[in-house]
Amino acid sequence: MSHPETAPVVVHNHAHHRYEILVDGERVGLTAYRDHGDQRVFYHTEVDDAFAGQGLAGRLVEAALTDVRTGGKRVVPVCRYVAEFLHRHREFAGLADPVSPDVLRWLRGELDRA
C-alpha cells in the first residue's frame, strides 16, 4: 500500500541561486539563475528522471517567474525550458528580455568563477 505524498513545494534557495521543487521534503528539481542588475538570468532547469512527466518543471518555473515578477525583476531565458515556458504562457510574456551576446558572455564569466 502506498503512502500519500504531500503536494510539491517550491522554495527559493538564495544561497545557491536557484529555485527548488521539493516532494516529501526531498529536492527533485531546480531552476538555476544568476542576477545581472535588474535581470534574473535563468540558465538551467532539471527534474529528476523518477519525477519526469508529472508537470513539476512547469510548476517550478511558474513559481520562479511569479517570484521574479513580484520582485520587480526581468527574466532572461537562457535556459531552453524557461524560454519555451514563456512562449507557451503569455501571461509572463512582458517579463522577458532577449538573450544577448553580452548577457551570454557575462553569464559564462559568472559560471566560470563559481
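This is a predicted model: local features need pLDDT of at least 70, side-chain atom pairs count only at pLDDT 80 or more; totals for chains, interfaces and linings use all residues.
Me: Which residue meets the side chain of aspartate 67 in a salt bridge, and how far apart in sequence are the parts that the pair ties together?
Reply: The side chain of aspartate 67 meets that of arginine 40 in a salt bridge, with 3.8 Å from N to O. Because arginine 40 lies in strand 4 (residues 39-47) while aspartate 67 lies in helix 1, the pair ties together separate parts of the chain. The partner asked for is therefore arginine 40, and the separation in sequence is 27 residues.

Me: Is arginine 40 buried or exposed?
Reply: Among the residues that arginine 40 touches, leaving aside those up to four places away in sequence, are His12, Tyr19, Tyr33, Lys73 and Val76. The relative accessibility of arginine 40 is 7%, and since the cut-off for this class is under 20%, arginine 40 counts as buried.

Me: Which residue's side chain is joined to that of arginine 40 by a polar contact of 2.7 Å?
Reply: Arginine 40, which has its place in strand 4, touches Arg34, Asp35 and Asp67, among others. The polar contact of 2.7 Å runs from side chain to side chain, and the partner of arginine 40 in this contact is aspartate 35.

Me: How are helix 1 and helix 2 oriented to each other?
Reply: Helix 1 covers residues 56-70 and helix 2 covers residues 80-88, and the two pack with their axes 11 Å apart at an angle of about 75°. Angles from 65 to 115 degrees fall in one class, and therefore helix 1 and helix 2 are roughly perpendicular.

Me: Into how many nonpolar, polar and charged residues does the contact of helix 1 with helix 2 divide?
Reply: Helix 1 brings Ala57, Gly58, Val61, Glu62 and Leu65 to the contact, and these meet Tyr81, Val82, Phe85 and Leu86 of helix 2. Sorted by kind, the residues of this contact are seven nonpolar, one polar and one charged.

Me: By about how many helical turns are arginine 113 and glutamate 110 separated?
Reply: The side chains of arginine 113 and glutamate 110 meet in a salt bridge of 2.5 Å from N to O; arginine 113 is exposed at 63%, while glutamate 110 is partly exposed at 21%. Because the two are three residues apart in helix 3 (residues 101-113), they are separated by about one helical turn.

Me: Where does asparagine 13 lie, and how far is its side chain from the backbone nitrogen of histidine 16?
Reply: Asparagine 13 is buried at a relative accessible area of 18%, and it touches Arg18 and Glu20, not counting residues up to four places away in sequence. Its place is in strand 1 (residues 9-13), and the distance from a polar atom of its side chain to the backbone nitrogen of histidine 16 is 3.1 Å.

Terms used. Residues are numbered from 1 along each chain as its sequence is written. Side-chain values use heavy atoms; hydrogens and water are left out. Axes are lines fitted to C-alpha atoms, for helices over the stretch in contact, and angles run from 0 to 180 degrees between N-to-C directions. Helices (H or I, at least four residues) and strands (E, at least two) are DSSP runs, numbered from the N terminus. Angles under 35 degrees count as roughly parallel, over 145 as roughly antiparallel, 65 to 115 as roughly perpendicular and the rest as oblique. Contact means heavy atoms within 4.5 Å. Ala, Val, Leu, Ile, Met, Phe, Trp, Tyr, Cys and Pro count as nonpolar, Asp, Glu, Lys and Arg as charged, and the others, Gly among them, as polar. Buried means under 20% relative accessible area, exposed over 50%, partly exposed in between (1.4 Å probe, protein chains only). A polar contact is a pair of N or O atoms within 3.5 Å; within protein, one must be able to donate a hydrogen and the other to accept it, and residues adjacent in sequence count only if both atoms are side-chain atoms. A salt bridge is a side-chain nitrogen of Lys or Arg within 4 Å of a carboxyl oxygen of Asp or Glu.
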